Amino acid sequence: ILLRLDMKILKKMKIFLVTFLVLISTTLFSQETIKNYSFSNIKEIKLFIGEDNYKDLIRESLFKQPEFQYIMSMSKEQEFNLKLAKRNRFPTISGNIINDESIERNITDNNSVRKRRDDSFDANIEIKQAIYSGGQVSSVIRSAKSKAEGLSSEKMKTVSQLILEANQIYLDTLISNFILNYAEDLMQFLKPYRSKVDDRVNAGIMDPVDSALFYVRYSSLETLIYKFKSQVEKNNNEYSNFYKQEFNNFEFPSINIKEINYIRNNDSYDVEISKSKYDEKKAEISTVRSEYLPKFGISARYTKYDIDDDTNEDDIRGGLYLSMPIFSFGRGAAKINAAKAAASGYKSDINVKIKEDIITESSLLSDFRNSLSNRFIFSKSFQETVNQRKTLQDRIELSGFAINALTEVLSSEISQLQTLLENEAGIMYTYFSILHQNRILNNEFNIKVD
């Protein structure tokens, strides 16, 4: 009986677990398939550019920038410096031609060696191989490697910053043009009512105070449009300078804004660069110390004598060489301590950069979440204002000619649209900035810079 009861309990547990797992998997799948696209909550936007096409547009613009070309040149320089440092391990081969002839002699002692010394025209080839250099070669290689790694981080940081700049320029230009066109369309509807206001005032149907209020609001809308035109001209020029073409694209980017909680929390580029500089300074300590340590190696020299006389006289010499500083009056200790102090400073700078990284990312996350939470509120307020404006438009001739209410609603609608669009752009910018802060924005745009 107990066995049967146990079997029934086990079956029920299995059914419960299977049901639970199915529910969990369904929930997770539904969460994964829900996508949050930028600018998707604004009904007035009809034209969109897909995420892949937008990223292609950004990528193509990066390689035209002078900042990109400069950092690539600097990166190549450090690559060659690293190769140079590694090749210091190889021997040095040098050649000399020595032409030593007497031009004038004034020697009275016939037995003098100086008098008996022959003129010479010799050639030699010498090879030197360091065996121990106080660790100088290894430390120089480590220093060059750290510099190359630091510049590699600088290169990736520059590319990532250019992505942010390209995105910001595109959105600023697009939004300013869109708002200008939207505001001008609304003004086109309002313009005919200027003459109607005058007619109603002259007929005594409308209070002159209401008429004055209308013209104040109308002038305010015109001033606002002039400001939009000025901003559009500025943004269009900036766009053409960056993208190397005129702005003619009114498509809003449709970017899937992923959940921030799933983003890897990496150190920023500044932290990585600071770590590389610290490694470089540590290696420089060994380089400085090696200047005051003994050095020895082997050398060999072949000399051909009197190459201008067709003689067969030559010799091969070789052996060990050793050099060692004996006393430098404290210069060595001072130089080494200075290198240690510099390394200690860069070690502290790592903590400074980590602190700045935490503060910056915290601020970006706060802005991102606030923009997301405001998204629905701004969108709802804007749509309600649009509905109010449409109602007034449809009934303006039947509702006692509420022209002042209409101008006020138009002004509010333009302002709310600007706020809504800037909030959407802020969502995109802070999202990309968070990816940049965690060193994954380049991967998001499929950019690999070698």
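## Helix 5 and helix 9

The crossing of helix 5 and helix 9 is left-handed (the near helix is turned anticlockwise from the far one by less than a right angle; clockwise would be right-handed). This is a predicted model in which local features need pLDDT of at least 70 and side-chain atom pairs count only at pLDDT 80 or more, while totals for chains, interfaces and linings use all residues. Residues are numbered from 1 along each chain as its sequence is written, and side-chain values use heavy atoms, with hydrogens and water left out.

Helix 9 covers residues 331–395, and its axis comes within 13 Å of that of helix 5, crossing at roughly 20°. Helix 5 is therefore roughly parallel to helix 9 (angles under 35 degrees; over 145 is roughly antiparallel, 65 to 115 roughly perpendicular, the rest oblique). Axes are lines fitted to C-alpha atoms, for helices over the stretch in contact, and angles run from 0 to 180 degrees between N-to-C directions. Helices (H or I, at least four residues) and strands (E, at least two) are DSSP runs, numbered from the N terminus.

Helix 5 (residues 136–190) packs against helix 7 (residues 208–243) at about 150°, the axes being 8 Å apart. That angle makes helix 5 roughly antiparallel to helix 7. The contact of the two contains 18 nonpolar, seven polar and six charged residues (nonpolar: Ala, Val, Leu, Ile, Met, Phe, Trp, Tyr, Cys and Pro; charged: Asp, Glu, Lys and Arg; polar: the others, Gly among them). Helix 5 passes helix 7 in a left-handed crossing.

With helix 8 (residues 269–290), helix 5 packs at about 165°, and the axes are 8 Å apart. Helix 5 is thus roughly antiparallel to helix 8. Five nonpolar, 11 polar and 10 charged residues make up this contact. The crossing of helix 5 past helix 8 is left-handed.

## Nonpolar surface patch

Ile131, Tyr132, Phe296, Ile298, Leu320 and Leu322 make a nonpolar surface patch of about 620 Å². Patch residues have over 30% relative accessible area and no salt bridge, with nonpolar side chains (Val, Leu, Ile, Met, Phe, Trp, Tyr) joined within 5 Å and like charges within 9 Å. Accessible areas come from the Shrake-Rupley method with a 1.4 Å probe; for residues, only the protein chains shown count as cover. A salt bridge is a side-chain nitrogen of Lys or Arg within 4 Å of a carboxyl oxygen of Asp or Glu.

Strand 3 (120–132), strand 5 (295–304) and strand 6 (314–323) each give two or more residues to the patch. Ile298 lies in strand 5.
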